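Please keep the sequence and the structure in view while reading.

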Amino acid sequence: MKSAPALTTVLLVEDHRVVAEGLWALLDEYDDLTVVGWADSVAEAVPMTEQLGPQVALIDYRLPDGTGAEAADRIRALDPTVAVVFLSADASDAALLAAVEAGASGYLLKSAGGDEIASAIRAAAAGETLIPARTLMEVLARHRETTRVFAEQTERLESLTSREQEILALMTQGVDNRAIADRLTISYATVRTHVRGILEKLDARSQLEAVAKAAEWGFRPAQPDPAAETNES
């Protein structure tokens, strides 16, 4: 007589009831998988893990009171033997890296089919890592490049003097150089000098490009200092 397959117990962490119920019904189709419970938030995931002792937590990345990575962190702090698989609509590098840092064995998109999800749960329960090393290396490389570019953009914006920020803010509003001079009560030549400085610091070839870069980089002008640069003419 053929023995029944060993059951892998699964906790669902998903805030959308329809999705959770669909996953529950889907996993019930597999003889070796059984869903033992459903948590709809980070806060609920930990006591449910403690109460039910699942082997695998299948977690959505976006939850109403935090991220799936936070839920995974708390679950594994409570019980490091619980394997974690993410099932999410978030395909960003940041989400994948956060999941890996939280100890995830796998990261699937919600477009994954039932067999793929079931296989991922089985592999995670067996201690396997489902995220290829090459994928992680590529994601880390992109993350490092994004961090480097952001740091450079921030440094360039922070290098602007308060007067340059003031002028750049007016430029973003479409104010021309002569009108800027009138508004700030400084000479047209002084405005042009500041504009040249802005272009150089933002590595822009025109005022239009400087404005576009400022918008893209999240430029927020500093609050004007009434005492600043009173000696300009």
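With which residue does D60 form a salt bridge, and how far apart are the closest N and O atoms? The partner of D60 is K110, and the closest N and O atoms of this salt bridge are 3.2 Å apart. D60 lies in the loop between β3 and β4 and K110 in the loop between β7 and α5, so the pair ties together parts that are 50 residues apart in sequence.

The model is a predicted one, in which local features need pLDDT of at least 70 and side-chain atom pairs count only at pLDDT 80 or more, while totals for chains, interfaces and linings use all residues. Residues are numbered from 1 along each chain as its sequence is written, and side-chain values use heavy atoms, with hydrogens and water left out.

**Annotated regions**

- UniProt, in an unreviewed entry, lists residues 9-125 as "domain: Response regulatory"; UniProt positions are given in the numbering used here, feature names are shortened, and annotations may be inferred rather than shown by experiment.
- Over residues 9-125 the chain is 46% helix and 26% strand, where helices (H or I, at least four residues) and strands (E, at least two) are DSSP runs numbered from the N terminus.
- The end C-alpha atoms of residues 9-125 are 9 Å apart.
- The annotation "domain: HTH luxR-type", also from an unreviewed UniProt entry, covers residues 153-218.
- Over residues 153-218 the chain is 74% helix and 0% strand, and the end C-alpha atoms are 9 Å apart.

- According to the unreviewed UniProt entry, D60 carries the annotation "modified residue: 4-aspartylphosphate".
- D60 is found in the loop between β3 (56-59) and β4 (62-63).
- With a relative accessible area of 4%, D60 is buried; the term buried means under 20% relative accessible area, exposed means over 50%, and partly exposed lies in between (1.4 Å probe, protein chains only).
- K110, the salt-bridge partner of D60, counts as partly exposed at 32% relative accessibility.

**Salt bridges**

- Side chains of opposite charge can pair when their charged atoms come close.
- The count comes to 12 salt bridges, each defined as a side-chain nitrogen of Lys or Arg within 4 Å of a carboxyl oxygen of Asp or Glu.
- K110 also meets E14 in a salt bridge, at 3.0 Å from N to O.
- K110 lies in the loop between β7 (106-109) and α5 (114-125) and E14 in the loop between β1 (8-13) and α1 (17-27), so this pair ties together parts that are 96 residues apart in sequence.
- E14 is buried, at 2% relative accessibility.
- The side chains of E166 and R163 form a salt bridge of 2.8 Å, N to O.
- E166 and R163 are 3 residues apart in helix α7 (residues 162-172) and are therefore separated by about one helical turn.
- E166 counts as partly exposed at 27% relative accessibility, whereas R163 counts as buried at 9%.
- A network of salt bridges links E145, R148, E152 and R156.

**Negative surface patch**

- D40, E44, D65, E70, D73 and E101 form a negative surface patch.
- Patches are made of residues with over 30% relative accessible area and no salt bridge, like charges being joined within 9 Å and nonpolar side chains (Val, Leu, Ile, Met, Phe, Trp, Tyr) within 5 Å.
- E70, one of the patch residues, lies in helix α3 (residues 68-78) and is partly exposed, with a relative accessible area of 32%.

**Separations between C-alpha atoms**

- The C-alpha atoms of R192 and E70 are separated by 50 Å, and the two residues are 122 residues apart along the chain.
- R192 is found in helix α9 (residues 188-201) and is partly exposed, with a relative accessible area of 43%.
- L140 and L97 are 43 residues apart along the chain, and their C-alpha atoms are separated by 7.7 Å.
- L140 belongs to helix α6 (residues 133-158) and counts as partly exposed at 36% relative accessibility.

**Positive phi angles**

- T185 has a positive phi of about 55 degrees although it is not a glycine.
- T185 is found in the loop between α8 (177-184) and α9, and counts as exposed at 66% relative accessibility.
- D203, likewise not a glycine, has a positive phi of about 55 degrees and is placed in the loop between α9 and α10 (207-216).

How values were computed
Accessible areas come from the Shrake-Rupley method with a 1.4 Å probe; for residues, only the protein chains shown count as cover. Lys and Arg count as positive and Asp and Glu as negative; His and the chain ends are not counted. The place of a charge is taken as NZ of Lys, CZ of Arg, CG of Asp or CD of Glu.
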